[in-house]
Amino acid sequence: MQWTHKDTFALSAPHCVKCQGLGLCTSPRGIVFPCNCVLRAIFRACYARFRHCAEKEKRMSRTSLQLTGKVRKNTWGRKDEEYVADFCLVSRRSLTESEHRIFRYHYLLGADWRLCWRKLGMDRGTFFHTLYRIQAKLGRAYRELEPYSLFPLDEYFLDTIRGRAAQPSAALTRRWQP
């Protein structure tokens, strides 16, 4: 995936020492890559949406008709439940076993940081540096996931087909006439 200023500028931290608030960094070889402040912002946005979807009452869940694929097949889905499942599966696949244990305790189970670092036998500094690494790793995974990424959230939750808004088929928009 090619990262641009359009993707990173709004998410970057204004006082970031590494990217000076621009969101992109350049390696000595000239390779452009996103700053960790951007990747952590992506993770925080996805995690906030995960919490919203997970804490919502199940009776409030909606099914929605989605247009998928090039042949515009219609499928029914529950976007909130699908997002929660995708968030958990991508996290499990992207992290090592020890990182996923920390992620599960702190983010999924909601344990306080004091409890986590004591239970895991880590000191406080190592625990928080590990959390920052996990956030950056998952932020990159959520954005670069192919063919459909978890971020940007509006593309995940709205009906889009490869970057353009899906239009309902003529059969769905035609009014019923007796």
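## Salt bridges and basis of the model

A salt bridge is defined as a side-chain nitrogen of Lys or Arg within 4 Å of a carboxyl oxygen of Asp or Glu. By that criterion the structure holds six salt bridges.

The model is predicted: local features need pLDDT of at least 70, side-chain atom pairs count only at pLDDT 80 or more, and totals for chains, interfaces and linings use all residues. Residues are numbered from 1 along each chain as its sequence is written, and side-chain values use heavy atoms, with hydrogens and water left out.

## Packing of H2 against H6

Helices (H or I, at least four residues) and strands (E, at least two) are DSSP runs numbered from the N terminus. The axes of H2 (residues 36–55) and H6 (residues 124–144) come within 7 Å and cross at roughly 75 degrees; axes are lines fitted to C-alpha atoms, for helices over the stretch in contact, with angles from 0 to 180 degrees between N-to-C directions. H2 is therefore roughly perpendicular to H6 (65 to 115 degrees).

## Salt bridges within helices

In H2, Arg51 and Glu55 lie four residues apart, about one turn of the helix, and their closest N and O atoms are 2.8 Å apart. Glu55 is exposed, at 55% relative accessible area, and Arg51 is partly exposed, at 38% (buried is under 20%, exposed over 50%, partly exposed in between; 1.4 Å probe, protein chains only).

## A bridge between separate elements

Lys56 and Asp80 form a salt bridge at 2.6 Å, N to O. Lys56 lies in the loop between H2 and strand S3 (64–68) and Asp80 in helix H3 (residues 79–94), so the pair ties together parts 24 residues apart in sequence. Asp80 is buried, with a relative accessible area of 13%.

Key. Angles under 35 degrees count as roughly parallel, over 145 as roughly antiparallel, 65 to 115 as roughly perpendicular and the rest as oblique.
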